[in-house]
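Welcome! Take a moment to turn the model around on your screen, and then we can walk through it together.

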Amino acid sequence: MRPILELLEKHGGSVWSLNPDDSVFQALEMLADCNVGALMVMEGDKLVGIFSERDYTRKIALAGRSSKDTKVRDIMTSQVMVVGPKTRTQECMALMSQKKIRHLPVVDGNKVLGMISIRDLMDDIIKDHEQTISQLQSYIAS
């Protein structure tokens, strides 16, 4: 398995983030615009949380709160699990499974490099398996 930085580089270095003082409604618009399920919440260059669809459904929709009147800081997940750029994809998958999370910010020291999702990992695993199968088929046929 490869280091997570290789997967992250396929995203083109995009770091999509929100400010903790943005409204939840603004956050939902950004999720839709970026076609993602979670965004990092940052104060300047500092990662302070994650806002996800899960945060919205559990803390706004089901609680009967207003997304236009609630700030991201009030419902974001502030206990953020992060990985380093050299962390292997298999380790990331194990961490996501163990912690029941679907997004992991990648941080190098204090610098946020981006975020990977469980979908990114699954796509990589499938691609890896397809390459292995192709190599084995080629070997058998020769």
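## The overall plan

What pattern does the protein follow when read along the sequence? The order is α-β-α-β-β-α-α-α-β-β-α, and the secondary structure comes to 6 helices and 5 strands. Keep in mind as you look around that this is a predicted model.

Taken along the principal axes, the C-alpha atoms fill a box of roughly 65 × 35 × 30 Å. The protein has 142 residues, and 35% of them are buried.

Next, find helix H2, which spans residues 24-34. Which of its residues are buried? They include Val 24, Ala 27, Leu 31 and Cys 34. These residues lie on the same side of H2, because they cover an arc of only 90° around the axis. There is a handy rule behind this kind of spacing: an α-helix has 3.6 residues a turn, so residues three or four places apart point the same way.

What covers the buried residues of H2? The cover includes strand S1 (17-18), strand S2 (38-43) and strand S3 (46-52), along with helix H3 (53-61) and helix H4 (72-75). On the face turned away from the buried side, you will find the exposed residues Ala 32 and Asp 33. After H2 comes Asn 35, which has a positive phi near 55°.

## A serine in strand S3

Let's move on to Ser 52, which sits in strand S3. Is Ser 52 buried or exposed? Its relative accessibility is 13%, so Ser 52 counts as buried, the cut-off being under 20%. If you leave aside the neighbours within four places in sequence, Ser 52 is in contact with Gly 37 and Ala 38.

Finally, look at helix H6, residues 118-141, where Ile 140 has its place. Why does Ile 140 count as exposed? Its relative accessible area is 68%, and exposed means over 50%.

Key
Residues numbered from 1 in each chain as written. Predicted model: local features only at pLDDT ≥ 70, side-chain atom pairs only at ≥ 80, totals over all residues. Heavy atoms only, no water. Helix = DSSP H or I, 4+ residues; strand = E, 2+ residues; numbered from the N terminus. Buried < 20%, exposed > 50% of the residue type's maximum accessible area, 1.4 Å probe, protein only. Arc of directions from axis to C-beta. Contact = heavy atoms within 4.5 Å.
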